[in-house]
Amino acid sequence: QVQLVESGGGLVQPGGSLRLSCAASGLTLDYYAIGWFRQAPGKEREGVSCISNVDIATYYTDSVKGRFTIARDNSKNAVYLQMNNLKPEDTAVYYCAAGPHVGWASWYKIDRYDYWGQGIQVTVSR
């Protein structure tokens, strides 16, 4: 049974940092592109970042460029999202997802991913 489990979320003040982890069981993450998505109340789920499985290319949505960094550790079968200089507008439920084939034109498309975690809350507030 495939499972993706996110951890590392929580409450942080503006300007603070969090590191989200995505751990997998039942599949080997280095065979998959791994995306991070988020969904704020009343908004659609949006792509935040992705790391490919082919050339280890990384992609970011414009609003997080320069603040977020995605990385994978294949020895631990995990992917991480380091989030720095967090802003209130980063508040959302964050999901990791695994998909076999994504590229620069498709990494942010929800239907490109086969497996999803249950999500974890990130709240940025004073």
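## Strand 4 and strand 5

Strand 4 (33–39) and strand 5 (46–51) run antiparallel, joined by five bridges. Strands here are DSSP E runs of at least two residues, numbered from the N terminus; two of them pair if DSSP finds at least two bridges between them. Ile34 has Ile51 of strand 5 as its bridge partner. The two strands form a hairpin with six residues between them. In that turn, Gly42 has a positive phi of about 75°.

This is a predicted model: local features need pLDDT of at least 70, side-chain atom pairs count only at pLDDT 80 or more, and totals for chains, interfaces and linings use all residues. Residues are numbered from 1 along each chain as its sequence is written, and side-chain values use heavy atoms, leaving out hydrogens and water.

## Strand 5 and strand 6

Strand 5 also pairs with strand 6, antiparallel, over three bridges. Cys50 is partnered by Tyr59 in strand 6. Again there is a hairpin with six residues between the strands. Ile56 in this turn has a positive phi of about 55°.

Strand 5 is mostly covered, with five of its six residues buried. Buried means under 20% relative accessible area (1.4 Å probe, protein chains only). Ser52 lies in the loop between strand 5 and strand 6 (58–60). Ser52 is buried too, at a relative accessible area of 2%. Beyond its neighbours within four places in sequence, Ser52 is in contact (heavy atoms within 4.5 Å) with Ala33, Ala57 and Arg72.

## Nonpolar cores

A nonpolar core is a set of buried Ala, Val, Leu, Ile, Met, Phe, Trp, Tyr and Cys residues joined through side-chain atoms within 4.5 Å. The largest has 29 residues. Those touching the most other members are Leu4, Leu20, Trp36, Phe68, Leu81, Met83 and Tyr94. Strands supplying at least two residues each include strand 4, strand 5, strand 7 (68–73) and strand 9 (92–99). Another core, of nine residues, lies apart from it; Ala33, Phe37, Trp107 and Tyr113 are among them.

Not counting residues up to four places away in sequence, Tyr94 touches residues including Leu20, Trp36, Phe68, Leu81 and Met83. Glu6 and Arg38 are also among its contacts.

Key. Helices (H or I, at least four residues) and strands (E, at least two) are DSSP runs, numbered from the N terminus. Buried means under 20% relative accessible area, exposed over 50%, partly exposed in between (1.4 Å probe, protein chains only).
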